[in-house]
Amino acid sequence: NKTLKTSAYRASGGLMGRVPRSVLGVLELQVLLGYGVQAFHIDGGAAVHLPSVTLSQAQGQVRARLPLLDRLLWVQAALGGGYLLGAGELGSDAFFPKTSGGSLNAGADADIRIWQGLFVQVGAEYLRTFLSFQKNPAVVYTATGGVDQGWGIHARAGWAM
């Protein structure tokens, strides 16, 4: 019968390169390489043996973009993944020190050009993170792995040159 405060966030950044339509015909390809963090923190979790989780990953993604309606509308599909670099407190000696894993993601978007470089984007995405644990004989926790997955929708505004 305890209530614990929690917080969560997800952030990523990286470099993107693109192969323009002039090389591939009508389709444009983009390649993204980066770093991302996904966290779920539990204040006071140590008192009830719940670890905070901070998953850090090297990430990659490939996107294919197709212009429609004289480049007023662009549709794109993306597929990517990540390699787990760290798991925060979950991967510590107190829980599962040899945590490994990664992630898969996919999405689809539509960009609508409003004025010159200004655009709005709507889309959907799927993210699946998977973890594998090795039992630590020094602790009582027993688990072989875990999966976190979710769907999301988004709306964004941006400017592109």
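**View 1. Arg-65 sits over the ring of Trp-74.** Arg-65 lies over the face of Trp-74, at 4.1 Å from the ring centre. A charge counts as over a ring if NZ of Lys or CZ of Arg is within 6 Å of the ring centre and within 35 degrees of the ring normal. The model is predicted: local features need pLDDT of at least 70, side-chain atom pairs count only at pLDDT 80 or more, and totals for chains, interfaces and linings use all residues. Residues are numbered from 1 along each chain as its sequence is written, and side-chain values use heavy atoms, with hydrogens and water left out.

**View 2. Arg-65 also takes part in a salt-bridge network.** A salt bridge is a side-chain nitrogen of Lys or Arg within 4 Å of a carboxyl oxygen of Asp or Glu. Arg-65 lies in strand β3 (residues 53–68) and Glu-28 in strand β2 (residues 28–42), so the pair ties together parts 37 residues apart in sequence. Strands (E, at least two residues) and helices (H or I, at least four) are DSSP runs, numbered from the N terminus. Asp-111 forms a salt bridge with Arg-65, and the closest N and O atoms are again 3.3 Å apart. This pair links Asp-111 in strand β5 to Arg-65 in strand β3, 46 residues apart. Both Asp-111 and Arg-65 are buried, and Glu-28 is buried too. Buried means under 20% relative accessible area, exposed over 50%, and partly exposed in between (1.4 Å probe, protein chains only). The network links Arg-18, Glu-28, Arg-65 and Asp-111.

**View 3. Glu-125 pairs with Arg-10.** The structure holds four salt bridges. In the one between Glu-125 and Arg-10, the closest N and O atoms are 3.6 Å apart. Glu-125 lies in strand β6 and Arg-10 in strand β1 (residues 6–19), so the pair ties together parts 115 residues apart in sequence. Glu-125 is partly exposed, at 25% relative accessibility. Arg-10 is exposed, at 51%.

**View 4. The structure holds two aromatic pairs.** The ring centres of Phe-96 and Phe-133 are 4.4 Å apart and their planes are at 15°, so this pair is stacked. Phe-96 is in the loop between β4 (73–86) and β5, and Phe-133 is in the loop between β6 and β7 (145–159), 37 residues apart. Phe-96 is buried at 6% relative accessible area, and Phe-133 is buried at 12%. Tyr-126 and Trp-151 form a tilted pair, 4.8 Å centre to centre with 45° between the planes. Tyr-126 lies in strand β6 and Trp-151 in strand β7, so the pair ties together parts 25 residues apart in sequence. Trp-151 is exposed, at 71%. Rings of Phe, Tyr and Trp (its six-membered ring) pair if their centres lie within 6.5 Å; planes under 30 degrees apart count as stacked, over 60 as edge-to-face and the rest as tilted.

**View 5. Nine residues make up the largest nonpolar core.** They are Val-53, Leu-55, Leu-84, Ala-87, Leu-90, Phe-95, Phe-96, Leu-131 and Phe-133. A nonpolar core is a set of buried Ala, Val, Leu, Ile, Met, Phe, Trp, Tyr and Cys residues joined through side-chain atoms within 4.5 Å.

**View 6. Gly-101 is a buried residue.** Gly-101 lies in strand β5 (residues 100–115). Its relative accessible area is 19%. Leaving out residues up to four places away in sequence, Gly-101 touches Tyr-83, Leu-84, Phe-130 and Leu-131. Contact means heavy atoms within 4.5 Å.
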